[in-house]
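Here is a short report on selected helices and strands. Please keep the 3D view open while reading.

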Amino acid sequence: MNAAMDNKQYSQDVSGDSIRRFLLGQLQPSEQTIFEQQLFINSDLEARVRLAEFELADDYAFKRLTESETNAFRERYLLTTDRNQKLNVSQAIRDRFLSESVAEIKPALYQRLMPWFDLRRPAWRYAFAALILVLILGTVFLVTKEPLIVNRIWPDRFKPRPHASPTPQLMNHPAGSSSPVHDEPSPPVELHESPLVVSLTETSSIDQSPVISLPAGENAVVRFQLLLKDGAQGVYRADLWTTSGETLFSAGSLKSFGAQPASISFDVPANVLKSGQYQIRLTRVDDPAKQEVSQYYFGVQ
Amino acid sequence: MSPAKHFKDLRQEDFDRLLDWLDTDREEAGVIYEKIRWRLVAILASRGCLTPEEVADESIDRVARRVRDIQETYRGDKAIYFLGVMNNVHHEYLRRLSLPHLSEPAQNVESKEQTHLCLDRCLDKLAPYSRQLIEKYYTENKQAKIDLRKRIARELGIKSTTLRLRALRIREKLQTCIEHCLEVSEARP
């Protein structure tokens, strides 16, 4: 009973400063020995030391310690996982409640937000991978399902080369051209020669094909007029083949004109033709159900 | 080192015998064990031992191995016996070891984030009075803090020292709650 009273008395006699110095390892050797023995047998003192641990961690987190105390805190206090955890909580409390030192809170807030913008986080990697996948799938869908949209989006330079038109002169020199006007005199425009017009009917044999002489001139063209046997209106594609099976020239989006009989017209640069036999295959492209091939033959001297 | 880790180094029968020696009620024995360990660690840290938890656990191991021999004859405060053994182990430690001093370990960002989340959860669990008190207690710093605490004590009709004790006990509860919260969150995949 007396021992318990003595212990309680000792605990009351021990100042908060002594407890603090014990935690920071700053007691004199003689004080230290007595303090250690009392700590083992004095529950009141133990309770006070436990609470003082929290207070010291708070003071460190709130930067209320002197420089020597701060050093001692790092060397003597932060030696156990339990106390490190106390300090973590003290720092969290500081961040949560301290309104005065904004400067101290800002780095903490920054550190809290940083992980969300850290590109090394797996979440960001997955997000980027998913984004790339969506873009690829979207592009595939766009190209396969909506070619018209692609045509609108793609710049002209990425579009397929234009096929020969029925009237190259009109194509190259449009009437309503909005090209800028220069003051300096422009070189004389090179005029196209008049095309050689060749009318072809569908023949079953190469022997019955007409033979043409190619016009002279670098820009000479041969205009083929293909007579359609059934006179059907539609959009066609013409391919010029050699007898060896090589495609020399193609013209798409060809519209038939005339009624009885309807015909298709397209121009071929004369310089692609050499002496020999040729075949023109005509394909209906606007109605897949009516796809059919008409064949025309001609020879070049 | 937690008792669970410590348990690995110790034979089960020695550990059981140690607990029986401390108290016949196993739960009470566990409480006494934890108190003794905490005291050993606090003293070793105060002495500047760089591995207080390991030295404390080694001391407890030695006591546990000796219990069979001393339990019939030892008289006096059992806790004091641990202090004596710890002094020997610490002397051995001082003779064989000289390590550089530790600095404050940096808490990683994720762990810090989790601590903040747990703090918010644990604050929500506090009774309204306790929460109000702790919020006021920690709101200001330095001179403003002293003035504020005097004002709070006056409002509550208690002494500043009593206010401090109440706040620190709430702080202790918060610590326990946050550590539990962190353990639970770590256990989740």
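Predicted model: local features only at pLDDT ≥ 70, side-chain atom pairs only at ≥ 80, totals over all residues.

**Helix α4 of chain B**

Helix α4 of chain B covers residues 52–70. That is 19 residues. The helix reaches 25 Å from its first C-alpha to its last, close to the 27 Å expected at 1.5 Å a residue. α4(B) is not straight throughout: a bend of about 30° sits at B:A64. B:A64 is also one of the buried residues of this helix.

**Strands of chain A**

An open sheet in chain A has 3 strands. Their order is β1-β3-β6, and the pairing is mixed. The edges are β1 (196–200) and β6 (263–269), each pairing on one side only. Neighbouring strands of this sheet are turned by 20° against each other on average, direction ignored.

β3 (residues 221–227) pairs with β6(A) in the antiparallel sense. Within this pair, A:V222 has A:V268 of β6(A) as its bridge partner.

Strand β4 of chain A (residues 235–242) has antiparallel links to β5(A) and to β7(A). β5 spans residues 247–255, and β7 spans residues 276–284. The table sets out the antiparallel pairs, each with one pair of facing residues.

| Strand pair | Bridges | Facing residues |
|---|---|---|
| β3(A) and β6(A) | 7 bridges | A:V222 and A:V268 |
| β4(A) and β5(A) | 6 bridges | A:V235 and A:K255 |
| β4(A) and β7(A) | 7 bridges | A:W241 and A:Q279 |

β4(A) and β5(A) form a hairpin, with 4 residues between them. In the turn, A:G245 has a positive phi of about 90°.

In a regular strand, side chains alternate between the two faces of the sheet.

At what angle do α6(A) and α9(B) pack? The angle is about 105°, and the axes lie 10 Å apart. Angles of 65 to 115 degrees count as roughly perpendicular, so α6(A) is roughly perpendicular to α9(B).

Which residues make the contact? From α6(A) come A:Q85, A:K86 and A:V89. From α9(B) come B:L174, B:Q175, B:I178 and B:E179.

Methods. Residues numbered from 1 in each chain as written. Chains lettered and ligands numbered in written order. Helix = DSSP H or I, 4+ residues; strand = E, 2+ residues; numbered from the N terminus. Expected span 1.5 Å × (residues − 1). Bend = angle between axes of the 7 residues up to and from the residue. Buried ≥ 20, exposed ≤ 12 C-beta atoms within 10 Å, placed from the backbone. Pairing = 2+ DSSP bridges. Axes fitted to C-alpha atoms, helices over the stretch in contact; angles between N-to-C directions. Parallel < 35°, antiparallel > 145°, perpendicular 65-115°, else oblique. Contact = placed C-beta atoms within 7 Å.
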